[in-house]
Amino acid sequence: MLKDITLGQYFSGDSALHRLDPRTKIILVLIYVVTVFLAKNLFSLTFLLVTAIVLVALSGISAKIVLRSIKPVMILIIFTAVINIFLTTSTDAPLINWGVIKIYKQGIVNAVFMIVRILSLIIGSSVLLTYTTSPITLTDGIERLLKPLKKLHVPVHDFAMMMTIALRFIPTLLEETDKIISAQKARGAGFDSKGLVNKAKAFLPILIPLFVSAFRRADELAVAMECRCYRGDEGRTRMRVLKYSSKDAVAFAFSVLFILVVVLLNGISTALAI
Amino acid sequence: MSKLTLENVSYVYSPDTPFEKEALSNVSIEFKENRITGIIGHTGSGKSTVAQLLNGLLKSTSGRVLLDGQDIFEKGSDVSKVRFRVGLVFQYPEYQLFEETVWRDIAFGPSNMKLDPNEIDRRVRSAASFAGVDEELFEKSPFELSGGQKRRVAIAGIMAMEPDIIVLDEPAAGLDPRGRDEIFNGIKKWRDSHNSTVILISHSMEDMALYADDIIVMKDGKVLTSGTVDQVFQRVDVIKQSGLDIPQITAVTEELTKRGLIDGNGIYTVDKAYEKILEALKER
Amino acid sequence: MSEFIKLENVTFDYSAEEQNGQHHEAIKNLSLSIEKGSFVAIIGHNGSGKSTLAKLFNGILVPTNGRVTVDGMDTSNEDLIFDVRRRVGMVFQNPDNQIVATTVEEDVAFAPENLGVEPSEIRHRVDQALESVKMSEYKEHSPSQLSGGQKQRVAIAGIIAMQPECIIFDESTAMLDPQGRKEVLETILKLKERGMTVILITHYMNEAVNADRVVVMNGGSIEMDGNPREVFSQVEKLREIELDVPQVTDLAYRLRRDGFELPEGLLFEEETIGALMKLFERGK
């Protein structure tokens, strides 16, 4: 059923990663992502993967859950690897030569690099951010990080509020979609028509009620928010105060070290090559 | 007319996940033809699951749902045909309206049955009159109507399929007393003129006392007791055990009976209570 | 007791304010004042104007003619609108459409945050508000994991955290099951005990009987106004405008009509049993 899908899933906990300030985590993820693309040899990539695994251990989230989250992107990973293996050409002698199909050593190396990159990227960023940061804290973090943009008249608060409301209503609307589909099925609606136009038409009985309901909800929510004295971020305070702590400083120190190590490892291969 | 039966039906939500939950366990129900049966129970008693099993929207984990003796999921049988024979009105059905006009919305079901246009028009008009939808509204957009009117249009949409059996999940939820009476009276009229079987899902003993012929009380995915309204109201203790509220008048007459003042077990209408008390007072 | 909300010759004409296609019932030249600390139930069928009245109390709607004041502040004065809304909170019908945040405690914090309350004070208010609706253990839950009754209690906590002097319940129990209705009603009664002014818009008579005062709306004006016994004893008049009366009230009314000596306007089971027992004793 639709409601089994969980968007931006969060696993509550009290690990070191959970306790970091969301702003720190957002910055760390950005650093991590950049580093993943900086890494260009076996040493630095291995280091990245090890870092990702260490992060999983730090988060206290079971490896099983992490592996399950990779499943949906497995096809993508395999596809990229295969393309790399078959389409890379090199001046070396091919390892395998079957007429049209030639596989070079470089191709296999590229494929392995690609797999490690994607895996580190997914594991690292989800463990650092989505798994260990509740949506509301994440939104808070984004809002406060982008605060300087307010001076440029970017409606940062409004975007954050929009995100919060969207996150709040995703489960409600998914449940509602389920219900509408069942109700229309009970009236004999078929969703297996042929042809694009007919297919689109078949979905109108679901889409129209869903939109009407979403607008009605929006209307009612707006009135309810007004009744609770909402007037944008004018004079607004927050219950949860974000404060950088020593933990965040440690995290930043580690990330600087992390960049240094990657750059160094990148250097090793150049040194070895010479 | 058609006969609907649940045979040792169990239903498990999200099997093999941490959210696994047994909604029904080994339930057998035989719905009597041409009668209004009320299925009542607390939220989570399994009553809404029963509704969706009856027309094949859900498939039982074990056991069978039989329509005229035939398993609705038997190989070769077409479940969508079952849905035309067993009409299901969901809770808050007004949220399923989508067409440009009221007429077209009521006609959605019959159109899916591929009936000819004259027959569709006849059915729409007939269903509208039972559900209490004025023909003046036919060309209006369903979204312009009041809440009560929308509800009646949605119910007409199922009645227009002229099913042998009609299942309604809390058809009066959220309506005021007037709206509630209009809906239930329409359903009664429909049953009388079509000889069809009606199944009402409800959590109000008071409503069911007034509008149902038979009652099935459910709790924790099982049938606690069933019978005619009179029979079920004889077992007030069982009703209380299911966590449902008994009507005020039943509570009062039970107490008076317990004290030996009147002979009034299982009274559920003010008329009857008045009659019994008057009788007892005159005897003194 | 002092006047808290005051309506003077208020007319509300919906043609003047057709917001977003929302339909409002009219109010005709209505005057009413609500005392501080009182518990007022407003009943009437859909379209009687009771929901429009609710929205006039805290300035969501502004009268076309006449004046509404809250604690002396005119609701049409836009500079004072947040002062009005802070004092008069409102809980709506649909539990889903009034919860803003993704966790219970964040949602309860919403109003004090809007009002610019100090973070530590917000924390304190949120904890207290959740405690008073008995939802503390759910503070980190997501709203979608809660039952209807629990969601409504969270919504009430969200209003309590604003520290209003009055809370309006606009059919807040209409979409709930009996269990949820009971939970919400208990919460309301507790608020009233602690001195909160409560305005309860409902069409459930068994909720209205708990009030100090019942106002019956019909066709945009006040049809009846008095304590529950006075109002509900007028059974014929309530029937005329298609409203229910509690079953025991109806029973006592019929017996009184036959000349039996019963107190006027019985509302609850216990007192009715007592009164009937006395009647039987006298008959001996």
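Mentor: Helices, of at least four residues, and strands, of at least two, are DSSP runs numbered from the N terminus. The model we discuss is predicted.

Trainee: In what order do the strands of the open sheet in chain C stand?

Mentor: This sheet of chain C has 4 strands, and their pairing is antiparallel. In general, strands of a sheet pair through backbone hydrogen bonds, either parallel or antiparallel. The order in chain C is E2-E1-E4-E5.

Trainee: Which strands of that sheet are the edge strands?

Mentor: The sheet of chain C is open, with the order E2-E1-E4-E5. An edge strand here pairs on one side only. In chain C these are strand E2 (27-35) and strand E5 (73-74).

Trainee: Which residue stands opposite Val10(C) in E2(C)?

Mentor: Strand E1 (residues 3-12) of chain C pairs with E2(C) in the antiparallel sense, over 6 bridges. One residue of E2(C), Ile27(C), is the bridge partner of Phe12(C). Opposite Val10(C) stands Leu30(C).

Trainee: What is the bridge partner of Thr11(C) in E4(C)?

Mentor: E1(C) is also joined to E4(C), by 5 bridges, and these two strands run antiparallel. Within E4(C), the partner of Thr11(C) is Asn65(C).

Trainee: At about what angle does helix H1 of chain C run to E2(C)?

Mentor: Helix H1 of chain C covers residues 50-57. It lies across E1, E2 and strand E4 (65-70) of chain C. Relative to E2(C), H1(C) runs at about 55°.

Trainee: How many bridges join E1 to E2 in chain B?

Mentor: Chain B has an open sheet of 4 strands with antiparallel pairing, in the order E2-E1-E4-E5. Its edge strands, each pairing on one side only, are strand E2 (21-31) and strand E5 (70-71) of chain B. Strand E1 (residues 4-13) of chain B runs antiparallel to E2(B), and Thr5(B) stands opposite Glu30(B). The number of bridges joining E1(B) to E2(B) is 7.

Trainee: Which residue forms a salt bridge with Arg35(B)?

Mentor: The rule counts 60 salt bridges over all chains. In the one asked about, the N to O distance is 2.7 Å, and the partner of Arg35(B) is Asp214(B). The pair links distant parts of the chain, 179 residues apart: Arg35(B) is in the loop between E2 and strand E3 (36-41) of chain B, and strand E9 (residues 214-219) of chain B holds Asp214(B).

Trainee: About how much area do chain A and chain C bury between them?

Mentor: The size of an interface is often given as the accessible area lost when the parts come together. The contact takes 31 residues from chain A and 39 residues from chain C. Arg168(A), Arg228(A) and Met239(A) supply 29% of the area that chain A buries against chain C, more than any other three residues. Carbon and sulfur atoms give 55% of the total, which is about 3200 Å².

Trainee: Why does the pair Arg238(A) and Glu106(C) count as a salt bridge, and how far apart are the closest N and O atoms?

Mentor: The rule finds 8 salt bridges across the interface of chain A and chain C. The cut-off is 4 Å from a side-chain nitrogen of Lys or Arg to a carboxyl oxygen of Asp or Glu. The pair Arg238(A) and Glu106(C) counts because its closest N and O atoms lie within that limit, at 3.9 Å.

Trainee: Which helix gives the most to the side of chain A that touches chain C?

Mentor: Across this interface the rule finds 15 residue pairs in polar contact. Helix H7 (156-186) and helix H8 (196-227) of chain A each supply at least two residues of the side that touches chain C. The helix that gives the most, with 10 residues, is H8(A).

Trainee: How many residues does H7(A) give to the side of chain A that touches chain B?

Mentor: The contact takes 16 residues from chain A and 20 residues from chain B, and the area buried is about 1600 Å². The count between these chains is 1 salt bridge, in which the side chains of Arg187(A) and Asp105(B) meet at 3.0 Å, N to O. H7 and H8 of chain A each supply at least two residues of this side. H7(A) gives the most, and its number of residues is 7.

Terms used:
Residues are numbered from 1 along each chain as its sequence is written. Chains are lettered from A and ligands numbered from 1 in the order in which they are written. This is a predicted model: local features need pLDDT of at least 70, side-chain atom pairs count only at pLDDT 80 or more; totals for chains, interfaces and linings use all residues. Side-chain values use heavy atoms; hydrogens and water are left out. Contact means heavy atoms within 4.5 Å. Buried area is the accessible area (1.4 Å probe) that two parts lose on being put together, summed over both. A polar contact is a pair of N or O atoms within 3.5 Å; within protein, one must be able to donate a hydrogen and the other to accept it, and residues adjacent in sequence count only if both atoms are side-chain atoms. Two strands pair if DSSP finds at least two bridges between them. Axes are lines fitted to C-alpha atoms, for helices over the stretch in contact, and angles run from 0 to 180 degrees between N-to-C directions.
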